[in-house]
Amino acid sequence: MPTSKKILDQMRREPNNVRFSDLHKICEEFFGKPRQSGTSHTIFKTPWPGDPRVNIQNDKGKAKAYQVKQILLAIDKLKGNPNEH
């Protein structure tokens, strides 16, 4: 099983080629357990005001590229690195 660092590196290099299970693992690591799952969307709560959530969808085993990019932006914001992406 790939490490979180390897998954994040791959997410940054190839956002259109990320397994949903890997993205889910990263989201749980950074945002905790999902507040909603079991529907077409899995929703994670983020710790800031405004729109305090990110959601991901399983597209035949793959993550959607635009959602991968949104997760990367949220992780950068969480880490305090807004220009890392």
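Predicted model: local features only at pLDDT ≥ 70, side-chain atom pairs only at ≥ 80, totals over all residues.

I began just after helix 2, where Gly-32 takes a positive phi of about 85°. Helices here are DSSP runs of H or I with at least four residues, strands are runs of E with at least two, and both are numbered from the N terminus.

Residues are numbered from 1 along each chain as its sequence is written, and side-chain values use heavy atoms, with hydrogens and water left out.

Next I looked at helix 2 itself. Helix 2 covers residues 20–31, and its twelve residues reach 16 Å from first C-alpha to last, close to the 16 Å expected at 1.5 Å a residue (the expected span being 1.5 Å times one less than the number of residues). I found Phe-20, Asp-22, Leu-23, His-24, Ile-26, Cys-27 and Phe-31 buried, that is, under 20% relative accessible area, with exposed being over 50% and partly exposed in between (1.4 Å probe, protein chains only). These buried residues pack against helix 1, strand 1 (41–45), strand 2 (53–59), strand 3 (62–63) and helix 3; contact means heavy atoms within 4.5 Å.

Then I turned to the pair of helix 1 (residues 4–13) and helix 3 (residues 65–79), which pack at about 120° with their axes 10 Å apart. The axes are lines fitted to C-alpha atoms over the stretch in contact, and angles run from 0 to 180 degrees between N-to-C directions. Helix 1 and helix 3 are therefore oblique to each other; under 35 degrees would be roughly parallel, over 145 roughly antiparallel and 65 to 115 roughly perpendicular, with the rest oblique.

Which residues meet there? Leu-8, Met-11 and Arg-12 in helix 1 meet Val-68, Ile-71, Leu-72, Ile-75 and Asp-76 in helix 3. I sorted the residues of this contact into six nonpolar, no polar and two charged.

Last, I checked Lys-60, in the loop between strand 2 and strand 3. Lys-60 is a non-glycine residue with a positive phi, near 55°, and at 84% relative accessibility counts as exposed.

Methods. Nonpolar A, V, L, I, M, F, W, Y, C, P; charged D, E, K, R; others polar.
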